[in-house]
Amino acid sequence: MPDDSDGDGKPEFTTHSDALTPAFLMRAEAKSNLRLVEGVDASIGAGSMFISSDPDAPLAFDFNDPEKVQMLGIADAPTVDMRMAIHELDTFVPSCENDDKCQANYPDTPVDGDYIWTTPAWSLERIIGTAGYFAYGKVAHEDCLIFGLPKPKCDAGVWIGPHKIPSPPPSGKGGPLGWTQFKVLDYHVPGRPVPVGNVPRHCSGRHSRPGRR
């Protein structure tokens, strides 16, 4: 985005970088594609002229040769501060809840065309999903927060990855590492907290953990 995003002539932000130090120097060695030739023009007489072996580039650079192109004075850990626009999708990204094939929904093996890994790479949802995947993609954890009766009935809890503890997750089975299932209270029990707002009874899979939608 431009620094003056509202067009009033006053920048709201100044793009800044410390990548190039005061000692920055660039050296480039080029080879000429021009050749001096002599000939005879019947209307003028003898003379000389330049022709190019490459009509699109009079000079030839070899940027793969470190001896011919050198850049000095670059910061060891350069940083750049700039304005970036990230757009949210107009459509809802559905979860893979109750869809066994979605347990194989990964960035390199996306399932169908409706879920998170087929959305635009720089959309808000994809960025959040990728962050969640990198942070929690190999997590395994289970915890029943509120036990029901008789045990191991669980009124509220979280299950991530394969199921091992006695209290079963909402789906009745676990999933791969990072696959998350939540369960809130199915009913109100006096003395116990009640879910706030319109909370679904059971949430599971990629909807509850966007990194693996």
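Biologist: With which side chain does the side chain of Asp155 make a polar contact?

Modeller: A polar contact is a pair of N or O atoms within 3.5 Å; within protein, one must be able to donate a hydrogen and the other to accept it, and residues adjacent in sequence count only if both atoms are side-chain atoms. Here the partner of Asp155 is the side chain of Lys153, at 2.7 Å. This is a predicted model, in which local features need pLDDT of at least 70, side-chain atom pairs count only at pLDDT 80 or more, and totals for chains, interfaces and linings use all residues. Residues are numbered from 1 along each chain as its sequence is written, and side-chain values use heavy atoms, with hydrogens and water left out.

Biologist: Is Asp155 buried or exposed?

Modeller: Buried means under 20% relative accessible area, exposed over 50%, and partly exposed in between, using a 1.4 Å probe and protein chains only. Asp155 has a relative accessible area of 0%, so Asp155 is buried. Asp155 belongs to strand β10, residues 154–160. Strands (E, at least two residues) and helices (H or I, at least four) are DSSP runs, numbered from the N terminus.

Biologist: Over which ring does the charged end of Lys151 sit?

Modeller: A charge sits over a ring if NZ of Lys or CZ of Arg is within 6 Å of the ring centre and within 35 degrees of the ring normal. For Lys151 the ring is that of Phe147, with the charged end 4.6 Å from its centre.

Biologist: How many aromatic pairs does a search of the whole structure find?

Modeller: Rings of Phe, Tyr and Trp (its six-membered ring) pair if their centres lie within 6.5 Å; planes under 30 degrees apart count as stacked, over 60 as edge-to-face and the rest as tilted. The search finds four pairs. In one of them, Tyr106 and Tyr133 have ring centres 6.3 Å apart and planes at 75°, so the pair is edge-to-face. This pair links distant parts of the chain, 27 residues apart: Tyr106 lies in the loop between β8 (80–81) and α1 (124–136), and Tyr133 in helix α1. Tyr133 and Phe134 form a tilted pair, 5.8 Å centre to centre with 50° between the planes. Tyr106, Trp117, Tyr133 and Phe134 form one aromatic cluster. Tyr133 is partly exposed at 23%, whereas Phe134 counts as exposed at 67%.

Biologist: Which residues of α1 are buried?

Modeller: An α-helix has 3.6 residues a turn, so residues three or four places apart point the same way. In α1 the buried residues are Glu125, Arg126, Gly129 and Gly132. They cover an arc of only 125° around the axis, which puts them on the same side of α1. That arc is taken from the directions from the helix axis to the C-beta atoms. The face turned away from the buried side carries the exposed residues Phe134 and Ala135.
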